[in-house]
Amino acid sequence: MIEIQGVTKRYGPRTAVEDVSLTAAPGRVTGFLGPNGAGKSTTLRVLLGLDRPTAGRALVDGVPYRDLRRPLRTVGAMLDGAGAVPERRGVDHLRWIAQTHRIPARRIEEVLDVVGLTDAARARVRTYSLGMRQRLGLAAALLGEPRVLVLDEPVNGLDPEGIRTVRTFLRDYAAQGNTVLLSSHLMGETAQTVDDVVVIDRGRVVTSGPLEEVTAGHAGLEDAFFALTGTAPGQGW
Ligand SMILES: Nc1ncnc2c1ncn2[C@@H]1O[C@H](COP(=O)(O)OP(=O)(O)OP(=O)(O)O)[C@@H](O)[C@H]1O
């Protein structure tokens, strides 16, 4: 369970997010959606203890991320793709994470298989396509068999088959009782993956709830977004 309560984050005079609250529940895939620069990454960084909020708090299973006893075994996260050293081999990136977090080595083969990177595991990360880097990031997030997954733009750079694979995987993962929170600026795409949505625009949550409720009366999620924010398609994103 993820609970973000009244989070505001200012960088000097600039407000990145203002009074953002959201909940992501076990057994559900929650989409955190909004255009570029809306404040998604900032909120997720606060959630993962990478940034301190100016106000509010973010909890995972009732405690702040920094206070989790075994963070990687509780929360698997992917921000900025894999974040791997380009000269490293994919498998060595995962080995390094596993070793530093006392995760059994057998998990490396398992997560490589899940994301379809087994054959490319020994290649250096700099030779990977954007999609392969995303897969490596997802593999790293899954290493600790976490109950909670937090993914920033997980389908960015993936081809349609890759998107479908990730979608199926995330739906299955949630169906096992896990919590999945993913951010995206691709509303139409993400609407096919999520149960619940939280829509953010210019640092503020504009709507949240089950997908059917948020889209009721609209042609789809994108349409609902434009209606809610008063913007027209093509304006500003
Ligand atoms: N370290 C920082 N210093 C100053 N401003 C920042 C910083 N990080 C983010 N911002 C600003 O906060 C706002 C929200 O950015 P954020 O990256 O959270 O948006 P986003 O929804 O994740 O968008 P994107 O999809 O483009 O990453 C933007 O206006 C951004 O310029």
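I began with the ligand and sorted the shell around it by class: 3 nonpolar, 7 polar and 2 charged residues. A reminder to myself before going on: this is a predicted model.

Next I wrote down who sits in that shell. I found Tyr11, Arg14 and Ala16, then Gly34, then Asn36, Gly37, Ala38, Gly39, Lys40, Ser41 and Thr42, and finally His185.

On to the domains. The assignment for the chain gives me domain 1 (1-61 + 156-231) and domain 2 (70-76 + 85-146). I noted 24 Å between their C-alpha centres. Where they touch, domain 1 puts in 10 residues and domain 2 puts in 8. On the domain 1 side, helix α6 (residues 160-175) has the largest share, 4 residues. That side holds 4 nonpolar, 4 polar and 2 charged residues.

Last stop, the nonpolar core. The largest one has 66 residues, and Ala139 and Val150 have the most contacts inside it. Helix α5 (residues 130-142) gives the most to this core, with 7 residues. As a general note, nonpolar side chains in soluble globular proteins tend to be buried together.

I then took a look at Ala139 and asked what it is in contact with, leaving aside neighbours within four places in sequence. My list for Ala139 reads Leu94, Val111, Leu112, Val114, Val115 and Leu117.

Conventions:
Residues numbered from 1 in each chain as written. Predicted model: local features only at pLDDT ≥ 70, side-chain atom pairs only at ≥ 80, totals over all residues. Near = placed C-beta within 6 Å. Nonpolar A, V, L, I, M, F, W, Y, C, P; charged D, E, K, R; others polar. Core = buried A, V, L, I, M, F, W, Y, C linked by C-beta atoms within 7 Å. Buried ≥ 20, exposed ≤ 12 C-beta atoms within 10 Å, placed from the backbone. Helix = DSSP H or I, 4+ residues; strand = E, 2+ residues; numbered from the N terminus. Contact = placed C-beta atoms within 7 Å. Domains from an automatic or database assignment.
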